[in-house]
Amino acid sequence: MASKAVYSHRDPLLKKRDDFEDILEERRKTSDLRYALRCYTPALYKGLTPCTISDLKSMVLQSDQLLYVINQVSKETGTATDEIQLEAEAILEEMAHRLQLTTVRFFAFTLSKIFKTLFRSICVNEEGIQRLQQAIQEHPVVLLPSHRSYMDFLLVSYILYTYDLALPVIAAGMDFMGMKIVGEMLRMSGAFFIRRSFGGDKLYWAVFSEYVKTMLKNGFAPVEFFLEGTRSRTAKSLTPKLGLLNIVMDPFLKGQVFDVSLVPVSISYERILEEALYARELLGVPKPKESTSGLFKARKILSENYGSIHVYFGQPVSARSLAEGRVDRSQFNLTPRHIPSKPSEGIQDFVNDSAFRLVRSQEENMVLKPWVLLAALLLQNQAAGNKLGVLVEDLTEQAVWLRDLSRQFGAFLHWPDHVPPSRVVSSSLSLHRSLVRVSEGRVQLNSETGSGSEFPLAAMTPEEELLSKAVVVLSCASYRNQVLHVFIRAALLACAVHSVTSSRKQEIFNTFSFLRNMFSNEFILRPGAEVQDFEEACYLLVKSAVLQIHQQEVLVTDSGHRTLAFLTSILDPFVQGYQMVCRFLCEEATETLTENQFVPAVRKFFIKHLLTGGLKYVEVLSSDLQKNALAALLRLGAVQKLRGGADQGTLKVNTVMVNSLEDTLGGKLPTQKTLAARL
């Protein structure tokens with residue numbers, strides 16, 4: 001049954017989480033062939049009799065909305081409706097899934113073999129599966145997994161097959177369709193293929209949206225898509241994309257279904273298959289094109305150990321309860337439902353707010369492994385200039401301290417308490433030996449000495465050596481980033497307390513709001529929730545004895561300095577990265593600099609300053625951070641993107657405003673009150 005509660009974050013420790021079961025344990029004991037060929041009889045929505053794929057296509061092509069758009073396009077272009085109808089059929093044929101149980105069984109057999117080789121365990125919360133089973137029978141269901149790996153959508157389908165649940169139809173990018181044989185097999189296991197962008201193609205949008213809504217309205221199968229739109233290369237949650245969420249909300253908003261159950265799914269990898277690939281992409285190495293030959297070349301990963309995976313199926317969230325008191329659905333009675341219309345500002349705000357809440361729910365149910373904490377500590381030690389590395393004993397002590405702090409902050413931490421901390425740490429270091437090494441009792445990132453590089457150190461230029469180091473640093477940062485959602489609000493408050501000379505609560509809130517606004521492209525921070533986030537941060541830091549708040553005064557306790565230093569350090573790479581982007585735009589940006597030229601130019605600027613010692617955080621080389629910084633400056637109006645004519649895409653920099661933002665980030669200027677709401 002869908003939850004009526006909209007998430008409360010007042011005390012994260014009060015959140016109850018389910019226990020896990022390792023589904024690979026059974027697979028290691030019994031025949032994979034018997035598992036793949038077993039009787040598969042999933043319960044369906046209200047006992048529905050499944051329709052065939054051809055029936056589904058007919059329903060889409062004969063829908064009032066699509067016929068209306070076909071007529072509109074015919075009038076606009078002067079093309080005969082029959083021709084446009086044929087075009088719509090071709091789009092649907094290219095897009096639609098063709099689920100076949102024989103292909104599903106093949107994947108079930110093959111993936112069992114692969115998963116047992118790659119992973120120690122795949123742990124699933126059974127209570128979440130039971131909730132999902134009930135939800136599928138009551139209302140149309142939308143599955144919303146986090147997206148950190150190519151493995152994600154195969155994994156969810158594999159789990160649902162294991163538990164005899166209805167397999168989802170899954171939105172996949174068109175690039176997968178280009179994979180010979182594999183693309184068609186994905187289609188036959190439930191994938192439907194969509195373009196990455198539609199431009200202004202009304203017909204394509206109409207076919208796509210009607211296809212998804214028809215499946216949803218008829219309870220044909222659970223619909224699955226990634227709210228973030230694409231894989232996160234940094235392991236931070238990405239700002240949600242609203243296109244598909246708008247589509248699946250539409251049947252509820254227009255009264256065509258009673259409710260829609262939205263199920264956030266959190267997938268946590270102890271070791272990500274694509275870690276080095278992602279790091280290189282962030283450094284400007286082009287993403288390899290998806291191909292079947294590339295898939296076979298990747299077989300060497302089968303000799304590696306990737307630890308465990310935890311998959312947490314969250315509480316189903318009712319679209320009806322989300323809309324209660326927020327959306328007046330009677331507005332949809334004013335026009336015929338088949339006439340497409342742009343959502344009102346109120347509907348857009350509602351869908352956007354719902355998306356942020358759902359992504360936050362994904363984050364909260366992410367299972368964090370000990371390595372995530374170790375990566376955070378190792379990066380901070382490196383940034384502090386500790387070239388000799390850190391003693392294993394000291395790292396273990398720091399990790400135990402951070403473990404306890406994380407738990408106080410409500411982290412979903414998978415730390416085996418029955419195992420001595422020294423063994424937990426050594427096991428994590430061993431699993432991630434491609435990134436760290438232990439020598440003479442000290443732990444170092446491999447990049448610190450060039451170890452693990454493809455080239456001998458002596459043969460490398462300083463720039464090549466830096467980029468080789470950056471691959472490992474960015475890989476480590478992707479694990480550190482997994483814990484940022486736990487600390488981000490408290491870290492923003494810690495930075496505000498650190499940079500404000502006054503202890504007045506309002507001034508600290510002003511700086512907190514400025515930083516929160518500045519980094520809202522970087523982290524999942526719900527629009528309009530500044531006061532709520534500030535109160536949550538205050539609550540956590542008071543509860544953990546870091547701060548004392550007396551009416552309008554905020555004071556740091558004697559015991560709170562260590563926590564405060566950790567929290568400011570965890571945000572420091574982002575602060576320094578954004579400052580340096582501002583400096584680049586003021587010092588180096590030409591009048592003809594375009595958005596496409598921005599990342600290569602700023603990367604070159606950063607490399608120069610890293611080599612001369614003007615920058616200490618190698619992770620600022622991440623193109624993700626650089627793009628987010630530019631997006632923030634565009635949103636704040638400090639940079640404008642010219643449109644039309646010869647200057648299309650050129651960046652126009654307001655140097656006074658950019659300089660001011662750089663100084664404010666560095667604590668040299670007081671926060672401008674115009675940027676902050678009153679507490």
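## The largest cavity

In this predicted model, 18 residues line the largest cavity. Arg 148, Ala 235, Lys 236, Ser 237 and Asn 481 lie nearest its centre. A cavity is a set of points on a 1 Å grid over the protein atoms alone, where a 1.4 Å probe fits but cannot get out. Lining residues have an atom within 4 Å of a point.

The largest cavity has a volume of about 200 Å³. That volume is the space filled by probe spheres set on the points, with grid points joined across faces, edges and corners. The structure holds eight cavities of 30 Å³ or more.

## Domains

Three domains divide the chain: domain 1 (99–365), domain 2 (371–446) and domain 3 (571–666). The bounds come from an automatic or database domain assignment. Between domain 1 and domain 2, the C-alpha centres are 33 Å apart.

## Where domains 1 and 2 meet

Domain 1 gives ten residues to the contact and domain 2 gives six (heavy atoms within 4.5 Å). On the domain 1 side, two of these residues are nonpolar, four polar and four charged. Here Asp, Glu, Lys and Arg count as charged; Ala, Val, Leu, Ile, Met, Phe, Trp, Tyr, Cys and Pro count as nonpolar; the others, Gly among them, are polar.

Together the two domains bury about 640 Å², 58% of it on carbon and sulfur atoms. Buried area is the accessible area (1.4 Å probe) that two parts lose on being put together, summed over both. In domain 1, Glu 270, Arg 271 and Glu 275 lose the most area to domain 2, together 53% of what that side buries.

## Basis of the values

Residues are numbered from 1 along each chain as its sequence is written, and side-chain values use heavy atoms, without hydrogens and water. Local features need pLDDT of at least 70 and side-chain atom pairs 80 or more, while totals for chains, interfaces and linings use all residues.

Definitions and conventions
On a 1 Å grid over the protein atoms alone, a cavity is a set of points where a 1.4 Å probe fits but cannot get out, and a pocket is an open set with protein on both sides within 12 Å along at least five of seven lines; lining residues have an atom within 4 Å of a point.
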